[in-house]
Amino acid sequence: MNAYDTYNYDVLVIGAGGAGLRAAIEASAHGVTVGLVCKSLLGKAHTVMAEGGIAAAMANVDDRDSWKVHFTDTLRGGQYLNNWRMAELHAKEAPDCVRELESWGALFDRTKDGKILQRNFGGHKYPRLAHVGDRTGLEMIRTLQDHGIHQGVEVHMECTVITLLKDGERIVGAFGYERERGRFKTFQAKAVILATGGVGRAYKITSNSWEYTGDGHSLAYHAGAELIDMEFLQFHPTGMIWPPSVSGILVTEGVRGEGGILLNKNGERFMFNNIPDLYKNQTSDNEEEGWRYIQGDKNAKRPPELLTRDHVARCIVREIKEGRGSPHGGVYLDISWIKKKISNSEEHIRKKLPGMYHMFKKLADIDITKEPMEIGPTTHYMMGGIRVDPDTQMSTMPGLFAAGECGAGLHGANRLGGNSLSDLLVFGKRAGEYAAKFAKEYGDGTIDEKQITDAAKWALEPFERDKGDSPYDIQFALQEMMQQLVGIVRNETEMLRAKEHLGLMSQRAANARVVGNREFNPGWHTALDLFNMLTISEAITMAALERKESRGAHFREDYPDKDPQSGKFNLVIKKDADGKMIIRQEPIPEIREELKQLIEEMK
Amino acid sequence: MPTATFEILRGDANEGKFETYTLEISEGMVVLDAILLIQAKYANDLAVRWNCKAGHCGSCSAEVNGVPKLMCMCRMSDIKLDKPILVQPMKAFPLIKDLVTDVSWNFEVKKKIKKFKPRPPDAADGTWRMAQEDIDRVQEFRKCIECFLCQDVCHVIREHQLQDKFIGPRYFVHIAGLEMHPLDVEDRREDLKKTDGIGFCNITKCCTNVCPQEITITDNAIIPLKERVADKFYDPVKRLFAKFRSKKEQ
């Protein structure tokens with residue numbers, strides 16, 4: 001065996017946010033040994049930032065809701081590029097997953113008759129999001145963490161995986177380093193689950209923390225797995241924009257769910273100006289009806305602020321581009337206006353949105369109960385990712401599974417708010433279950449020492465260079481470039497330029513130099529993360545160039561319309577035998593007849 | 001733009017010294033912004049923990065001018081710039097490097113606390129019914145982001161280092177959240193007295209003062225737990241009843 005600390009598990013889970021924790025708990029419940037690797041301390045993953053809620057058709061608030069409505073909402077939101085089977089499983093299983101969370105100690109806000117309360121969110125026909133104030137993610141990750149630590153899961157905190165280990169085509173482990181001392185660790189495993197989250201750090205304005213460098217996407221890709229839907233990157237419409245130090249920080253969609261409205265500098269509620277055909281039937285065209293919806297009137301249609309995120313973000317960009325933006329280059333999000341409608345509005349806002357109240361007060365000197373917030377779009381969520389089997393979550397590589405944001409298929413061209421937390425639970429659970437089954441069925445694979453020594457050598461090279469750029473300079477250049485050239489509004493000329501830049505940046509990254517030693521050295525970690533960021537940036541750019549239409553989160557100003565032909569395929573990315581990134585179109589799987597009918601009925 | 005001078009502790013458990021960095025300060029900046037800028041510009045290997053940068057995750061705990069704080073919520077405009085700003089790691093935990101300390105003890109403590117144990121479901125479909133008021137009562141404790149600033153400032157840990165006998169304010173908050181959970185039926189009072197060391201807390205409220213989530217740790221969590229322990233072990237009437245009952249059960 002090699003010289004590094006070696007651990008042996010039946011199932012190794014990489015990533016300890018909602019999906020990773022849920023997967024680890026499930027695998028452990030199936031009686032296998034489980035190791036859980038997390039890049040930060042346990043409980044700090046991005047799930048903690050989720051604010052609004054978990055989408056699950058429990059029908060506690062509106063009894064017309066059911067998995068069927070949730071299913072069709074999800075497909076409509078994803079512009080029908082979703083994997084229908086995943087959307088079906090997700091809609092059917094989410095309610096039980098939420099109730100399970102409650103049985104593990106999670107506390108959600110309640111209805112008058114003591115059930116779990118559900119709130120409105122964009123693209124959901126009925127109030128569907130189980131929540132607790134605006135800190136649902138914290139409640140969820142803490143519940144999973146506190147439950148998980150009693151399930152015999154072995155946790156490796158502050159540990160980053162740099163390569164997956166292969167035995168032929170099968171994934172049999174992973175190799176990485178721990179931050180504290182910079183020592184390498186080898187993990188041998190019968191099955192590996194990736195749950196590493198998103199890619200937001202490749203962009204300048206993002207709600208994502210330093211961790212979200214596309215590790216899982218990149219690890220899987222380089223191991224030979226297929227990625228899908230990489231052109232679909234969600235820009236959340238409401239991120240903070242002022243002061244500059246907070247730009248990108250998420251402002252929950254829950255603000256709009258509780259009645260918040262979007263205004264341009266003229267005080268005009270611009271969302272009424274452009275309601276897409278797909279949603280005309282269910283969106284109100286006047287303020288009065290919109291407010292009645294917020295108040296729970298079942299006969300009212302929802303206000304246009306609660307349209308899907310892709311659409312809202314684009315409307316905001318339009319207002320700014322056409323000169324109707326706010327002083328710092330955003331628009332206004334106003335919840336304080338509800339004082340015209342209810343008498344105790346200030347107390348109500350503080351109770352429903354305590355985190356937002358606190359955050360704006362502390363970081364921006366804004367009292368959201370009294371004045372509007374300035375907001376703008378922020379890079380938030382990757383719909384694309386590792387292509388998985390919808391039932392088992394196994395990737396195209398045997399023994400490699402993926403769940404949560406780094407897996408793909410459920411959300412299609414655009415994710416509905418609230419559907420990520422339920423995604424984590426439903427598919428985290430499935431990944432855990434099927435990885436455990438896989439581990440039981442197949443024995444240990446063989447670890448190839450050469451893969452380990454190669455990876456270790458690669459990881460230490462930056463220390464040997466005496467010239468070369470700082471990894472931070474390269475990262476900032478990449479973030480600036482991706483934001484400018486492959487952002488919310490895209491065109492061919494700019495993206496071809498982005499491709500050239502990426503080539504040059506890859507060369508710079510390959511020569512990046514780090515200072516200091518291996519002990520807790522963020523410069524070194526950034527140098528290694530760059531490799532993943534560049535890989536996924538290339539994949540995003542390649543897919544965005546290939547999709548010559550505008551759909552969901554992907555908007556091309558040179559192809560501003562939806563193209564019916566392009567709605568029939570997903571884009572699949574893979575590394576070919578020469579190490580080159582290749583892309584191909586693949587027809588969307590034929591949907592089951594009864595579900596097809598369901599979609600027609602709900603149109 | 002105004003400038004600020006930072007003195008940041010650089011080093012590890014063996015040796016450390018303050019290094020000086022000077023930086024331009026822009027509008028709205030927080031201490032964490034400054035630290036990350038220094039890291040990117042002058043000291044790529046400066047060790048610091050952070051994640052959400054919005055006060056939600058509790059990673060960037062440190063001591064700024066001697067006061068334990070989340071660096072992401074500490075505005076530069078609230079600090080006097082005429083003197084150097086001192087940034088140090090949390091003092092109560094072993095130093096790993098620069099601003100990063102070994103907080104693993106905290107995670108070990110939590111494992112020993114009896115986990116959530118719900119009463120049987122209220123409804124036939126396996127779900128429970130709860131009133132919003134009962135939820136509201138424990139929300140405060142569940143807001144905790146595990147930044148460990150309360151642990152850092154607690155003198156039982158910081159000065160007396162009784163980590164093996166005392167779990168610290170964070171975990172009293174955790175236990176309060178469990179004990180007052182509307183569904184929980186576990187009894188943790190004996191552990192509180194015997195292994196968790198609740199008696200060591202002499203309610204100086206240092207923890208409450210530093211909590212970035214504004215949890216009233218001492219008054220709302222620790223004191224009620226102390227009362228529960230006192231009820232079980234020291235209430236003479238109850239003790240008599242307990243004796244009587246245990247005899248009868250024999």
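How many cavities of 30 Å³ or more does the structure hold? The structure holds 11 of them. A cavity is a set of points, on a 1 Å grid over the protein atoms alone, where a 1.4 Å probe fits but cannot get out. This is a predicted model, in which local features need pLDDT of at least 70, side-chain atom pairs count only at pLDDT 80 or more, and totals for chains, interfaces and linings use all residues. Residues are numbered from 1 along each chain as its sequence is written, chains are lettered from A and ligands numbered from 1 in the order in which they are written, and side-chain values use heavy atoms, with hydrogens and water left out.

**Largest cavity**

- The largest cavity holds about 680 Å³ of space, a volume being the space filled by probe spheres set on grid points joined across faces, edges and corners.
- Its lining has 50 residues, and A:His46, A:Thr47, A:Gly197, A:Tyr212 and A:Glu405 lie nearest its centre; lining residues have an atom within 4 Å of a point.
- Domain 1 (5-32 + 46-234 + 380-448) and domain 2 (237-379) of chain A both give residues to this lining, so the largest cavity lies between them; the bounds come from an automatic or database domain assignment.

**Second largest pocket**

- About 1,100 Å³ of space lies in the second largest pocket, a pocket being an open set with protein on both sides within 12 Å along at least five of seven lines.
- Of the 42 residues that line this pocket, A:Arg201, A:Phe476, B:Asp33, B:Leu36 and B:Lys53 lie nearest its centre.
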